[in-house]
Amino acid sequence: MSFLFKDLKLRSLTAKNRIVVSPMCQYSSEDGFATDWHLVHLGTRAVGGAGIVFTEATAVAPEGRISYADLGIWKDEQIEGLERITRFLKTQGAIPAIQLAHAGRKASRMTPWEGGGAIEDQDVAWQPIGPSAIPFHAHEPAPHAMDLSNIQQLKADFRQAAKRALQAGFQIVEIHAAHGYLLHSFLSPVSNQRTDEYGGSFENRTRLLLEISADLRDVWPEEFPLFVRISADDWMPDRASWTIEDSIRLAHQLKEVGVDVIDTSSAGVHPEQKIKVGAGYQLSFAERIKKEADVMTGAVGMITSAEQAETIIRSGQADLIFIARELLRNPYFPYQAAKIVHEKDFQWPNQYVRAKLK
Ligand SMILES: Cc1cc2nc3c(=O)[nH]c(=O)nc-3n(C[C@H](O)[C@H](O)[C@H](O)COP(=O)(O)O)c2cc1C
């Protein structure tokens with residue numbers, strides 16, 4: 001009996017297996033609108049058999065986009081294109097999930113294939129915001145340090161975005177609080193040097209994420225799960241930074257406000273981070289949070305084989321396996337994984353049954 005293909009109860013939902021399409025920016029939107037690319041890209045991965053399919057980081061405000069081509073959910077007109085996607089994902093038995101995001105001081109960039117640098121054309125660029133006026137790259141202009149009215153606006157933007165996500169048919173919302181983007185930059189002392197109630201102590205630095213999580217738990221239906229993606233560690237042991245111990249403490253609090261799953265990534269807050277990259281390099285973070293905070297976790301990062309994924313679930317290190325690049329290379333990974341771990345009941349779409357691996 002495979003553990004990777006065992007279903008998982010998430011509030012009123014049941015994920016048909018533990019494989020999750022990790023959020024991946026596609027840089028294929030115009031003015032934040034979903035396009036045919038998103039439908040085909042996400043739809044293909046649902047056809048491929050993943051239990052949960054996440055959109056990319058979806059901006060709650062236009063200035064919360066990393067690039068001008070990011071997906072957005074800051075206005076009602078954007079709902080329709082997203083709804084088209086969720087409708088299709090559901091026909092394939094996948095749970096449609098959306099990652100809500102604000103890029104903070106890492107906003108206003110070119111797409112990766114244009115080099116990913118700050119947008120230089122001042123007609124296109126916009127002013128990034130952050131907890132403090134500290135740029136990510138020392139040579140770049142500082143972000144605008146948010147005042148309390150900016151913070152209230154951000155909270156309202158997240159609430160509104162979650163309401164729109166519900167209207168668009170999503171059933172899981174994930175708050176993006178990782179990779180050096182806005183909410184992570186509030187958590188970490190590397191980027192947050194505020195002296196008000198949103199900076200300084202652990203309680204103050206975690207306040208914004210906890211408030212937004214509680215707000216979303218309030219507007220997001222009781223029967224649907226809420227995930228939070230965190231960077232469990234800044235990988236900067238030589239200076240005051242965010243550590244796995246902080247993450248375990250935070251996970252306890254997130255659980256208390258009704259967060260169901262901690263999606264455990266790492267890093268992104270400073271260019272001088274020293275990441276020990278390797279197969280499953282973030283797995284120990286997911287395992288510690290699961291065990292020490294007694295909350296469900298998602299493991300992510302260089303998980304590329306069926307055996308590896310099966311072992312993680314079987315040994316109780318995490319509850320879900322988020323996969324990004326392997327699912328870009330091979331959207332039918334779940335199909336092949338099912339064969340490798342001897343899962344006989346894996347359902348393939350009727351249209352493809354003749355291709356079933358024996
Ligand atoms: C093309 C691409 C876009 C990504 N965009 C996002 C994103 O929008 N939000 C996010 O939290 N992580 C993003 N990531 C990170 C992935 O979700 C994942 O955490 C990371 O790639 C490690 O998993 P992997 O080794 O399976 O690729 C992105 C990764 C890739 C390759």
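In helix 10 (residues 333-340), the buried residues are Phe333, Pro334, Tyr335, Ala337 and Ala338. Their cover includes strand 3 (19-21), helix 8 (306-314), strand 12 (320-323) and helix 9. Just past helix 10, His342 has a positive phi of about 60 degrees. This model is predicted.

**Helix 1 with helix 2**
- Helix 1 (residues 36-47) packs with helix 2 (residues 79-91) at an angle of about 15 degrees.
- Their axes lie 9 Å apart.
- Helix 1 is therefore roughly parallel to helix 2, as angles under 35 degrees count as roughly parallel.
- The two helices cross in a right-handed sense.
- On the helix 1 side, the contact is made by His38, Leu39, Leu42, Gly43 and Ala46.
- On the helix 2 side, Arg84, Ile85, Phe88 and Leu89 make the contact.
- The contact of helix 1 with helix 2 consists of 6 nonpolar, 2 polar and 1 charged residues.

**Helix 3 with helix 5**
- The axes of helix 3 (residues 148-167) and helix 5 (residues 202-219) come within 9 Å.
- These axes cross at roughly 35 degrees.
- The crossing of helix 3 and helix 5 is right-handed.
- Helix 3 brings Ile151, Lys155, Phe158, Arg159, Ala162 and Lys163 to the contact.
- Helix 5 brings Leu208, Glu211, Ile212, Asp215, Leu216 and Val219.
- The contact of helix 3 with helix 5 has 7 nonpolar and 5 charged residues, and no polar ones.
- An α-helix has 3.6 residues a turn, so residues three or four places apart point the same way.

**Positive phi in loops**
- Most residues other than glycine have a negative phi.
- Arg11 is not a glycine, yet has a positive phi of about 50 degrees.
- Arg11 sits in the loop between strand 1 (8-10) and strand 2 (13-15).
- Arg11 counts as partly exposed because 15 other C-beta atoms lie within 10 Å.
- Ala267 is not a glycine either, and its phi is positive, at about 75 degrees.
- The loop that holds Ala267 runs between strand 10 (261-265) and helix 7 (283-293).
- Ala267 is buried, because 23 other C-beta atoms lie within 10 Å and the cut-off is 20 or more.

**Glu140**
- Glu140 lies in the loop between strand 6 (129-130) and strand 7 (144-145).
- Glu140 has 13 C-beta neighbours inside 10 Å, so Glu140 counts as partly exposed.
- Setting aside neighbours within four places in sequence, Glu140 is in contact with Ala118 and Pro135.
- Between Glu140 and Leu183 there is a separation of 43 residues in sequence.
- In space, Glu140 and Leu183 are 20 Å apart, C-alpha to C-alpha.

Definitions and conventions:
Residues are numbered from 1 along each chain as its sequence is written. This is a predicted model: local features need pLDDT of at least 70, side-chain atom pairs count only at pLDDT 80 or more; totals for chains, interfaces and linings use all residues. Axes are lines fitted to C-alpha atoms, for helices over the stretch in contact, and angles run from 0 to 180 degrees between N-to-C directions. Helices (H or I, at least four residues) and strands (E, at least two) are DSSP runs, numbered from the N terminus. A crossing is left-handed if the near helix is turned anticlockwise from the far one by less than a right angle, and right-handed if clockwise. Two residues are in contact if their C-beta atoms, placed from the backbone, lie within 7 Å. Ala, Val, Leu, Ile, Met, Phe, Trp, Tyr, Cys and Pro count as nonpolar, Asp, Glu, Lys and Arg as charged, and the others, Gly among them, as polar. Angles under 35 degrees count as roughly parallel, over 145 as roughly antiparallel, 65 to 115 as roughly perpendicular and the rest as oblique. A residue is buried if 20 or more other C-beta atoms lie within 10 Å of its own, exposed if 12 or fewer, and partly exposed in between; C-beta atoms are placed from the backbone.
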